[in-house]
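The structure is shown first.

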Amino acid sequence: MSAPAPSPLAIVDAEPLPRQDEVLTDAALAFVAELHRNFTARRDELLTRRQDRRAEIARTSTLDFRPETAEIRAADWKVAPAPAALNDRRVEITGPTDRKMTINALNSGAKVWLADFEDASAPTWENVVLGQLNLIDAYERRIDFTDAKSGKSYALKDADQLATVVMRPRGWHLEERHLQFDGRPVPGALVDFGLYFFHNAQRLIDLGKGPYFYLPKTESYLEARLWNDIFVFAQDYVGIPQGTVRATVLIETITAAYEMEEILFELKDHAAGLNAGRWDYLFSIVKNFRDGGAKFVLPDRNAVTMTAPFMRAYTELLVRTCHKRGAHAIGGMAAFIPSRRDAEVNKVAFEKVKADKDREAGDGFDGSWVAHPDLVAIAMASFDAVLGDKPNQKDRLREDVSVAPGDLIAIDSLDARPTYAGLVSAVQVGIRYIEAWLRGLGAVAIFNLMEDAATAEISRSQIWQWINAGVVFEHDGKAVKATAELARRVAAEELAAIRAEIGEEAFAAGKWQQAHDLLLKVSLDADYADFLTLPAYDQLVG
């Protein structure tokens, strides 16, 4: 390949970080600049297209499989065979790329680690750059360290015992304000992908693996096409064979659920599978059908289990689609965080996790997610019982599954209603998560669950939806209507409870009032914000 044209000057607008020059090399920044120059305009067009699609849904209150791609759905084709390192994915652990998590995730016994620059990572410049450095150090086996606070030492196991890394960049909607070319910020997705791919593609090939990615928040097959073109360009740029990159797409938007086959088709030579992302999926339903009337009002988030009819339709269609096309189907998250103090809480939670993973394995999924190392063995047992020595069950075609367009949005088929306790929970989780995110933490343990940005999105979306739909709760034997005033009162009570719980000094040192105000803003504004992380990013320090 001929040498690229000279790249525009990179402007890095941030305080220098230790060892950042190992990540922000001239060559790596030149590559990111080429990605920006070649693909950002198409990304902008696709974001506009999202708005057009949303306007159409607001007008029609329905969705359907796309008529213009019927030939793709009817044709006989398959994605490329999985590389050896991604053939067995029966348990995947998720988490941010801080140094401790990097070692613990790689050592966890899971087959795959989703190394997360997206919902489990608040995008401070430190997290963005040092997260990349931690992955480079891990591949070079120089990541061992001793925690200064605890005195505990962390070191990698032997190479054959480490999880395979599948890296998740940020979604298309986010910019990276600290890095600019041609006078504008680079999309966060291109920064995350570009730096990781440039530094590690050959390193990973040398380790017998490859540059593997999870693609978040995809809303259409055209967005998958953009990623595929980026992969083709990137592989040519660094001189590695086409098809070395593999991508697993999160089907975590309601629009993408109607385009699963098309998404796999667009990524055909680079596709590794699809994943069922539960919380963002529910958030997407609320976002897209928020003015669709009572039949689209979701109950409390914990009442929307994966056995709800419309969620069953979504997950079973995903398994059938993946296996029909030779791709892996990866199940949802077990977010429970074990308690060191309450064995009874653990017992009940472990039973729920086991039941969830037993169901997924029984439905034909090839693997599933956990958020904590203690859950790896539970999920592994569920999949071992079904798979045995087989690496996956892609031979289970699930031809018994038949999903009509309306099945995916039959929200009113669920026999559950919003509750006052659900409103309180949404406020509690929303404030506590946003406060941590504003301090640079993206994965946060709240009430024995590992929460990330997707949970905050569904929390604030449900508050917005319930108020705008005029939901009536039963509380203390009375009918109470969901209003902005009620949400403000519940939020004020929660803020006071947090202050009493943690003490005045810790409260003052945190970002609690800021989090409270931001939650109310995105929950109560008449104009629904597309993503909580957009206004939150404006307030993120670092």
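A charge sits over a ring if NZ of Lys or CZ of Arg is within 6 Å of the ring centre and within 35 degrees of the ring normal. By this criterion, the charged end of Arg 290 sits over the ring of Trp 464, 5.9 Å from its centre. Arg 301 lies over the face of Trp 279, with 4.7 Å to the ring centre.

The model is predicted: local features need pLDDT of at least 70, side-chain atom pairs count only at pLDDT 80 or more, and totals for chains, interfaces and linings use all residues. Residues are numbered from 1 along each chain as its sequence is written, and side-chain values use heavy atoms, with hydrogens and water left out.

**Aromatic pairs**

Rings of Phe, Tyr and Trp (its six-membered ring) pair if their centres lie within 6.5 Å; planes under 30 degrees apart count as stacked, over 60 as edge-to-face and the rest as tilted. The whole structure holds 25 aromatic pairs. Two of them are tabulated here.

| Pair | Centre distance | Plane angle | Class |
|---|---|---|---|
| Phe 283 and Phe 531 | 6.0 Å | 70° | edge-to-face |
| Phe 289 and Phe 296 | 4.5 Å | 15° | stacked |

Phe 283 and Phe 531 are 248 residues apart and link distant parts of the chain. Phe 283 belongs to helix H9 (residues 278–288), and Phe 531 to the loop between helix H17 (512–524) and helix H18 (533–539). Helices (H or I, at least four residues) and strands (E, at least two) are DSSP runs, numbered from the N terminus.

Phe 283 has a relative accessible area of 2% and is therefore buried (under 20% relative accessible area; exposed is over 50%, partly exposed in between; 1.4 Å probe, protein chains only). Phe 531, at 5%, also counts as buried. Phe 289 and Phe 296 are both buried.

Glu 92 lies in strand S2 (residues 91–96) and is buried, at 0% relative accessible area. Its side chain makes a polar contact of 3.2 Å with that of Trp 369 (N or O atoms within 3.5 Å; within protein, one must be able to donate a hydrogen and the other to accept it, and residues adjacent in sequence count only if both atoms are side-chain atoms). Beyond four places in sequence, the contacts (heavy atoms within 4.5 Å) of Glu 92 include Ala 110, Tyr 214 and Ile 330.

S2 is also one of the elements against which the buried residues of H3 pack. In H3 (residues 99–106), these are Met 101, Thr 102, Ile 103, Ala 105 and Leu 106. The N-terminal end of H3 is capped by Asp 98, with a side-chain oxygen 3.4 Å from the backbone nitrogen of Lys 100.
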